[in-house]
Structures are given as C-alpha cells and as structure tokens.
Amino acid sequence: MADGLKISVQFSGGAELLFNKVKEHDVVLPKDQDSWTIRRLLTWIKDNLLKQRPELFIQGESVRPGILVLINEADWELMGELDYELQENDSIVFISTLHGG
C-alpha cells in the first residue's frame, strides 16, 4: 500500500487528557525508506498529536515511567519495546497508571 502505514493509536487512564481528550486516533504514517518503530512513532505522536505538557508523556526518547504500552494487546516489553517495527493495522495503546490527586 503506497499511501502509508495505517495504525490505531489509543490513549487512556488519563493520558488522553494530553491529546485534547481524544482517546482513539486512526493514523496513516507516511511510508519512506525508514521502517516505523515505536521509537519513531513516539516522535511522530509528540509532533502531531500531543497537545500539551509533553513532559507528562515523553521522557527522553521513550514514554515516561508509569505509562503502560500495549502493542496489539500485548505488553511492549514482550515485543521489543522501542525497536518494535510497526505493521499495517497494528493497535498501539498507551495507558497512564499514574493518577494525580
């Protein structure tokens, strides 16, 4: 498919508040010579979806501690974390486990 890589990105557990309270985003990532990894996706999310307080979502080149990442309903730690190569129709879910009072 030449028009891009289609994936679903979801935010919950409070993480959606950083994205104008939108929980689910169907995105098409531009295809080029580089493969799309979670590391590259995080930069894209920061530049294209994140609306406020990036320090609450991104730390360095990864997500902040306390944000659970699921790739197709599996813990990203089982999938290679930042180096996981995205596939067509992947579902990436970010769940904040930190709740402020």
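Which residues is Phe94 in contact with, leaving aside its neighbours within four places in sequence?

1. **Contacts of Phe94.** The model is predicted. Beyond its neighbours within four places in sequence, Phe94 is in contact with Val9, Gln10, Phe11, Ser12, Ala15, Leu42, Ile45, Phe57, Val63, Ile67, Leu68 and Val69. Phe94 has a relative accessibility of 1% and counts as buried.

2. **The nonpolar core.** The largest nonpolar core has 29 residues. Ile38, Ile45, Phe57, Leu86 and Phe94 touch the most other members. Elements giving two or more residues to this core are β1 (5-12), β2 (24-29), α1 (38-48), β5 (67-71) and β7 (91-96). The largest share is that of α1, with 5 residues.

3. **The buried face of α1.** Ile38, Leu41, Leu42, Trp44 and Ile45 are buried in α1. Viewed down the helix axis, the buried residues of α1 fall within an arc of 165°, so they line one face of the helix. An α-helix has 3.6 residues a turn, so residues three or four places apart point the same way.

4. **What that face packs against.** The partners of the buried α1 residues are β1, β2, β3 (58-59), β4 (62-63), β5 and β7.

5. **Aromatic pairs: Phe19 and Phe57.** The whole structure holds 5 aromatic pairs. In one of them, Phe19 and Phe57 have ring centres 5.3 Å apart and planes at 85°, so the pair is edge-to-face. Phe19 sits in the loop between β1 and β2, and Phe57 in the loop between α1 and β3. The two are 38 residues apart, and their pair links distant parts of the chain. Phe19 is buried, at a relative accessible area of 1%. Phe57 is buried as well, at 0%.

6. **Aromatic pairs: Phe57 and Phe94.** Phe57 also forms an edge-to-face pair with Phe94. Here the values are 5.2 Å centre to centre and 70° between the planes. This pair, too, links distant parts of the chain: Phe57 is in the loop between α1 and β3, whereas Phe94 is in strand β7, 37 residues away.

7. **The cluster.** Phe11, Phe19, Phe57 and Phe94 form one aromatic cluster. Two of its members, Phe57 and Phe94, are also among the core residues that touch the most other members.

8. **A charge over a ring.** Where does Arg40 lie relative to Trp36? Arg40 is over the face of Trp36, at 3.8 Å from the ring centre.

Notes: Residues are numbered from 1 along each chain as its sequence is written. This is a predicted model: local features need pLDDT of at least 70, side-chain atom pairs count only at pLDDT 80 or more; totals for chains, interfaces and linings use all residues. Side-chain values use heavy atoms; hydrogens and water are left out. A nonpolar core is a set of buried Ala, Val, Leu, Ile, Met, Phe, Trp, Tyr and Cys residues joined through side-chain atoms within 4.5 Å. Buried means under 20% relative accessible area, exposed over 50%, partly exposed in between (1.4 Å probe, protein chains only). Helices (H or I, at least four residues) and strands (E, at least two) are DSSP runs, numbered from the N terminus. Contact means heavy atoms within 4.5 Å. The arc is that of the directions from the helix axis to the C-beta atoms. Rings of Phe, Tyr and Trp (its six-membered ring) pair if their centres lie within 6.5 Å; planes under 30 degrees apart count as stacked, over 60 as edge-to-face and the rest as tilted. A charge sits over a ring if NZ of Lys or CZ of Arg is within 6 Å of the ring centre and within 35 degrees of the ring normal.
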